[in-house]
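Please keep the sequence and the model in view while reading.

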Amino acid sequence: MSDVIKLRKGLDIRLKGKAETVYGQAPAAELYAIKPTDFNGLKPKMMVKEGEHVDAGGVLFVDKNKPEVKFLSAVSGTVEAVRRGERRAILEVVVRAEGEVKPVEVGKLNPSQATREQVIEKLLETGAWTYLLQRPYNVIADPKLYHKAVFISTFDTAPLAPDYDHVVRGNEEAFQAGVDALAKLAPVFIGTRGQGSSKAFTGAKNAKVVEFQGPHPAGCVGVQINHVQPINAGEVVLTVQPQEVVAIGKIFSEGKLDFSRVVVVTGPEVKKPAYYRTVVGAQVSSIVENNVNPEGTRLVSGNVLTGKTIAMDGFLGYHDSQLTALKEGNESEFMGWIAPGLNKFSASRTFFTWLQGKKEYRLDTNMHGQPRAIVVSGEMEKVLPMDIYPEHLLKAVMAKDIDKMIELGIFEVVEEDMALCEFVSTSKLPVQRILRNGLNLMMEEVG
Amino acid sequence: MKSLRKYLDSVKPNFEKGGKYEKFSQTFEAFESFLYAPGTTNQGGVHVRDGVDLKRVISMVILALIPAAIFGIWNTGYQHYQMLGLEQSFWCNFWYGLTIFVPMMIVSYVVGLGIEFATAEIRHEQVNEGFLATGLLIPLVMPADVPLWMVAVATAFSVIFAKEVFGGTGMNIWNPALVARAFLFFAYPSKMSGDAVWYGEGEAVDGFTGATALSLANSNMELATSKYDFWNAFIGYMPGSIGETSALCILIGGVFLLLTGVASWKTMLSVFVGGGLTAFLFNQFGPATGIAQLPWYMHLVYGGFCFGAVFMATDPVTSCRTEAGKYIFGLLVGFVAILVRVLNPGYPEGMMLAILFMNTLAPTIDYFIVDRNISKRRKRALKTA
């Protein structure tokens, strides 16, 4: 019998383009990339040069501050490019694949007979440590720290998010093996949807299973942590995503490095939303080519709340299991602010779409207004099911008041937990950017 | 509509940096975004946004004010001809009211928006829409007789000293419309209260007394309740500031605000509960003065109580910003309003002062509520440490 936590606050954005649980077919990608920008605060140190050959499982770069954290190539091939941006920051390390993508043998390890140090060593060695993110800050975990707990959310409530029950089907044993390995690091907590979810999740051993009910962001691991074991100043907890737990499980139980990743292609501009089997960091063009109308479309790696814009020939984000395509809403609308707006989705009731029931919307990327001073109160609180005052916290960040930030609970949130606050903001507040600025400031000042 | 869009696009360069009218860039921007919701897209955070924006919210407030405004315009004419001892048609009353109300509204908008646009240009910030609601609220809380120059001075005072010096929309401590009214109330009391300011110009017929329901209740409660019984007062057939008399029309607007979620039901309900309860207690245990013995439900329909509860106390910027705080804020607004009415015969109307006073206290209420969250977090950390 698992604990049940019911969340009332939140919002499910009814976006058109949900994928059915079928797999689409697409040819394997030729290019693969790891983007250091997918990791907060990561400074990469390159271990390969452009034009060099790299084997599958070979090290592409390491974390400059924690050199034991390695980023491995998913495929064997040649390093095509190391693309840099402003101040020569590395944006993408691209590898051109040669031959088929095959799992790499690394040797099994039975976690029940291994020490915590051996498990950490194995994770570092196989590059799987990069799957472990730590709270506060949502950065790659520090292997030297004491970790209070490991949290795995096995469902995603974000708009059009993948159904992990479907994604892990066939890999249930590997998931359990991954949980067994992670349990060596710290007590494991698994957040589930409860009844009807995959038995791999609800029946997981070696972990405490907690059931969550309610709208988005109930699936956000930060919200789950807040209700199970809120993070206090000085504590560190780890979070891992289900597909990555499976990958970790395969390392320990089968001795194989498996970079395969299921990704769901969704959104209003997708012709046939479906699941695809691909590889971490794969170029997405082969998947989206005939499925997404490229004209005036924005392709997002991730969901519409937290994902990053990528080009039609861009690369899947490191932790992403979703691609979303939606229309660029860069057209002006005559008297748009007073029009009835029956095609607009709003959490507020100022558009009378709330009388239309559960319609799905073809939302675009229009901001629907311009940034303003904060006027409306209470709207962010309605979509944040945590014991936190979002407006006061954000104001403390804007004022760079570190003590206040800690007091108001900045350690307990990261961008995805508060993304809905940004969505609903009448004043079009860049909530996630403000929060990241605050978190970066905390990392510098407090560590 | 295409030609208008084309025209805007063709003149736009004049207002951009280096253009002929660079100084009016924010003014142009405000008009352009008024005509066309801009095609700005989300960059770097969420990719989709809620349809709502400040323009939409303010539009809802203006829509909600329309019933009270229309009734107020009619009632201004009706009260005027009552004073003159004449019965006039609906349109005649309405027309007279328009001649009073429209000039006031124009003055308030021209002065207020003029200052808003000027500050926006100076600060190089976009024009906030907040004043569009304030500009309509100001004439609605004025008596019919107030000279236009006073409306202009009061509007200028409130926009500059109650709003812009604090940083503009969203940063003000006091509700700007009420500051405008309070400014006139204390600077020119003879034009803002008393028995004669509610009717427009003209000679009153013999035997006409122009006291408002509240000041009448102050001296003679029975007379007040017989002249302005509950239903008359509820519908609004009584003298008073232009928009405040009809509880019915105000509540229609209030229901609209609650349906659209623009106003907080917590604040609104709490004001009525706080006021009703306080008046009820005075009925039971209060002194034997007329106003203390005025039945509690009459308090809610007399004077500006309803208008304040629905449109003023619910202003999100100057009210409490925490949900729990809204209950406390509302209850205290109602309590203080009745307290002022009953215990200070010098001010028959306590609502304006109550709201301004509670505006001042709202951040303190929020402070204690947020502090509870902070100490909870601190205790939790100590327990696990």
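A residue is called buried when its relative accessible area is under 20%, exposed when that value is over 50%, and partly exposed in between (1.4 Å probe, protein chains only). This is a predicted model, in which local features need pLDDT of at least 70 and side-chain atom pairs count only at pLDDT 80 or more, while totals for chains, interfaces and linings use all residues. Residues are numbered from 1 along each chain as its sequence is written, chains are lettered from A and ligands numbered from 1 in the order in which they are written, and side-chain values use heavy atoms, with hydrogens and water left out.

The interface between the chains is the starting point. In chain A, 75 residues are in contact with 60 residues of chain B, contact meaning heavy atoms within 4.5 Å. Together the two chains bury about 5800 Å², of which 53% lies on carbon and sulfur atoms; buried area is the accessible area (1.4 Å probe) that two parts lose on being put together, summed over both. On the side of chain A, the most area is lost to chain B by A:Trp337, A:Arg372 and A:Val375, which together account for 14% of what that side buries.

Polar contacts also cross this interface. A polar contact is a pair of N or O atoms within 3.5 Å; within protein, one must be able to donate a hydrogen and the other to accept it, and residues adjacent in sequence count only if both atoms are side-chain atoms. By this rule 41 residue pairs, both residues at pLDDT 80 or more, are in polar contact across the interface of chain A and chain B. Helices (H or I, at least four residues) and strands (E, at least two) are DSSP runs, numbered from the N terminus. Among the elements that give two or more residues to the side of chain A that touches chain B are strand 19 (297–301), helix 8 (390–398) and helix 10 (415–424) of chain A. Helix 10 of chain A gives the most, with four residues.

Strand pairing also joins the chains. Strands pair if DSSP finds at least two bridges between them, and two bridges join strand 22 of chain A to strand 1 (residues 36–37) of chain B, the two running antiparallel. There, A:Glu333 stands opposite B:Ala37.

Salt bridges come next, each being a side-chain nitrogen of Lys or Arg within 4 Å of a carboxyl oxygen of Asp or Glu. Side chains of opposite charge can pair when their charged atoms come close. Seven salt bridges are counted between chain A and chain B. One of them joins A:Arg372 to B:Glu129, with the closest N and O atoms 2.8 Å apart. A:Arg372 is buried, at a relative accessible area of 10%, and B:Glu129 is buried as well, at 6%.

Within chain B, B:Lys12 forms a salt bridge with B:Glu32, with 3.3 Å between the closest N and O atoms. This pair links distant parts of the chain, 20 residues apart, from helix 1 to helix 2 of chain B. B:Lys12 is partly exposed at 27% relative accessibility, whereas B:Glu32 is buried at 9%. Both belong to a network of salt bridges that links B:Arg5, B:Asp9, B:Lys12 and B:Glu32. The buried residues of helix 2 of chain B pack against helix 1 (2–15), strand 1, helix 3 (54–83) and helix 4 (90–123) of chain B.
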